[in-house]
Amino acid sequence: MKLWSRLLTGGCFGCGNPVRAALGRFCGDGAASLRHRVSVDAVLPLLLVPALLLLAALNLACSLLVLVATPLFVYYANRNFLRFLMRSKFFLCWLIASAGCLMAVFELAVVPLLEILPEENYVFIAAVVGGILTARRTVKCQYSATSSQQQLFDPMRETLLDVDDSSDQAVTESHVCQTCKRRFPRKAYHCRVCQTCVPGREYHCKWLDCCIGYSNYRWYMICLFSSAVAFIYGSNLAITSVCHPFLFAFGILLPDDCSDVYFQYDMALCFVSSIYSLLIGLVLSYYFFKHLWLLAIGTTWNERKAAAAAKHKNQTNQEENQRFTSHQLLL
Amino acid sequence: MKFFKIIRILYGTIQKNAVDLLLALVLLLLVVFCLHPDRFAVHYNYIDKQSIASELEPAYWPKINSCKLNSLESKKSTLLYPNENPKIDAQGLAQKYNVQIGGAWKPLDCKPLFNVAIILPYRNRLKQLSIFINYIHPYLQLQNLDYTIFVIEQSKNKEFNRGKLFNVGFTEAMKIRNFHCFIFQDIDLIPQNPENIYTCSRLPRHMSSNVNTFRYNLPYSGLFGGAISITKQQFQQVNGFSNVYFGWGGEDDDFYSRLQNKGYPICRFCPDVAQYYMLSHKKEAPNKERFTYLKSGSKRYDTDGLRNLEYKVLDQKLEPLYSWFLVDI
């Protein structure tokens with residue numbers, strides 16, 4: 001029960017006016033912040049994603065090249081180049097551009113084929129809207145040090161507090177972060193990007209440009225789930241519209257022959273978009289299930305990573321020690 | 001004065017929240033655009049399974065020794081698929097299925113209720129033709145029909161004209177025998193459910209309302225292409241198909257408007273009965289002139305069709321599994 005209580009208590013309510021939230025301030029705020037600080041890494045994906053999609057739809061070779069090279073490029077960017085650009089909007093913009101392009105392809109090229117039932121579309125649109133709203137909520141509910149009651153660590157005050165209620169659990173379970181010099185509950189970890197400690201930190205999600213912790217964990221999970229549904233379902237709707245489908249089982253259609261999509265450019269565009277959408281959906285569902293698993297074994301992504309890193313460090317230390325001793329022995 | 005005050009307050013609020021209002025408007029338009037039912041496939045009225053038998057139009061009065069509709073009694077609802085690599089041994093197959101030369105068959109142990117001509121327009125798709133023919137004979141025999149299969153091939157010199165080939169098929173079939181019911185069907189469409197009985201109902205029927213390439217949905221309610229069934233009388237009354245649609249598309253919509261013009265509503269069987277599997281092939285580029293023809297279609301209902309049909313039979317042959325006509329149109 002305790003594991004699941006994290007999900008249930010993680011929500012935050014009353015974040016702003018619901019009507020305004022429903023109006024999709026997600027996009028509005030994104031646009032506003034871009035206006036203030038237009039940086040190359042933020043604008044780049046807005047041009048790059050549509051260009052890549054249009055390029056990939058030319059022929060099979062282009063599709064293969066783009067669909068293999070793009071994830072590699074994004075992975076590389078994630079690992080290396082953007083480590084130095086801490087607060088980059090690159091990934092957020094990439095996500096917005098991708099979702100926007102895929103939605104546009106779906107509405108302007110797949111739906112006019114008249115092969116999708118209104119009900120199927122309702123499910124899809126519900127998943128899309130759910131994904132957008134929960135993503136918005138995830139960003140809004142992220143932990144921020146200024147709004148919380150955490151205070152700067154003051155040694156004098158700390159000792160006083162210790163004297164006052166040394167038996168208090170809250171104090172014994174808290175710790176002081178070395179970097180930001182604040183007192184936090186024990187399960188809080190420091191985020192270099194947010195420059196604060198985040199309670200129950202999983203990781204810093206570059207795609208939403210916010211830290212995932214207790215405060216927005218629930219919204220993040222719903223967002224992962226519904227956007228994975230939207231991407232995969234939309235992909236299936238599109239690919240079965242342009243390819244030759246067959247009835248798989250339980251009324252699910254799957255494509256079995258896509259050999260003629262490249263004869264028409266719009267068909268190729270739908271096809272490539274649906275493959276891209278499927279890739280995104282699979283990555284999202286991988287994250288969703290990994291989080292569910294971590295939840296089940298009662299840990300967080302951050303803790304696991306830290307533990308793995310510590311283990312690795314221990315191992316290397318031991319190895320070095322061994323090498324050192326053997327070296328000495330040889331000598 | 002109060003009125004002006006209200007206006008001013010309204011104006012003030014609008015001015016204050018202009019961005020929000022604009023955003024709301026754009027969002028509303030987007031939602032309407034995304035959910036508008038006209039942009040999607042349709043649900044349609046259909047004849048459900050139980051009433052199929054009563055909706056059919058027999059060619060003869062039922063007697064004691066009349067055939068039963070075998071397929072309607074079977075309860076199984078598994079979908080059938082064609083063998084995509086059929087044997088080409090037509091002679092052997094004709095013997096196996098007891099098909100008379102020219103692709104005719106009728107049940108011997110009972111008196112059939114229906115006689116049906118199945119007209120297939122054809123050009124240059126030998127593999128699909130053999131897949132279809134191999135599949136359709138046992139399928140039709142399951143339904144105890146008296147049927148003959150006609151393959152009408154168009155000669156090479158012009159673009160494919162599906163509608164005109166149907167008219168030719170109708171005329172040639174009528175020369176052979178006074179058929180009561182006609183099925184006009186593309187050879188790449190494979191009926192998947194044996195309950196989809198290949199004969200005429202009282203109203204002209206759109207048989208292929210659930211095709212896999214349309215994700216087993218009906219794109220629009222006026223679609224009357226693919227496979228249709230219509231009685232001889234009805235077909236003659238609407239003056240057949242139009243002869244002017246060379247290239248892909250248009251002739252089916254034109255035919256639908258012909259039926260509407262003569263006051264024939266169309267019918268369809270229930271979705272799980274009317275399931276079709278389309279053999280995969282390249283999509284043809286549609287004929288761009290079809291819309292201009294469609295617009296002026298109503299002027300040609302009586303002049304363009306069976307009555308002004310001109311063609312030349314270049315060759316004809318009774319193949320073991322079908323009657324073949326090569327025509328110049």
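A:Cys177 is buried, at a relative accessible area of 6% (buried means under 20%, exposed over 50%, partly exposed in between, with a 1.4 Å probe and protein chains only). The model is predicted, so local features need pLDDT of at least 70 and side-chain atom pairs pLDDT 80 or more, while totals for chains, interfaces and linings use all residues. Residues are numbered from 1 along each chain as its sequence is written, chains are lettered from A in the order in which they are written, and side-chain values use heavy atoms, without hydrogens and water.

The loop between strand 1 (174-176) and strand 2 (183-185) of chain A holds A:Cys177. Leaving aside residues up to four places away in sequence, A:Cys177 touches A:Arg182, A:Phe184, A:His190 and A:Cys197 (contact: heavy atoms within 4.5 Å). From A:Cys177 to A:Thr196 the C-alpha distance is 8.9 Å, across 19 residues of sequence.

## Helix 5

Helix 5 of chain A, residues 60-79, spans 29 Å between its first and last C-alpha, close to the expected 28 Å. At its start, a side-chain oxygen of A:Asn59 comes to within 3.2 Å of the backbone nitrogen of A:Ala61.

Buried residues of helix 5 of chain A include A:Cys62, A:Val66, A:Leu67 and A:Val74. Among the elements covering the buried residues of this helix are helix 4 (40-56), helix 6 (90-110) and helix 11 (265-296) of chain A.

## A:Tyr265

Helix 11 of chain A also contains A:Tyr265. This residue has 38% relative accessibility and therefore counts as partly exposed.

Key
Helix = DSSP H or I, 4+ residues; strand = E, 2+ residues; numbered from the N terminus. Expected span 1.5 Å × (residues − 1). Polar contact = N/O pair within 3.5 Å; in protein donor to acceptor, adjacent residues only side chain to side chain.
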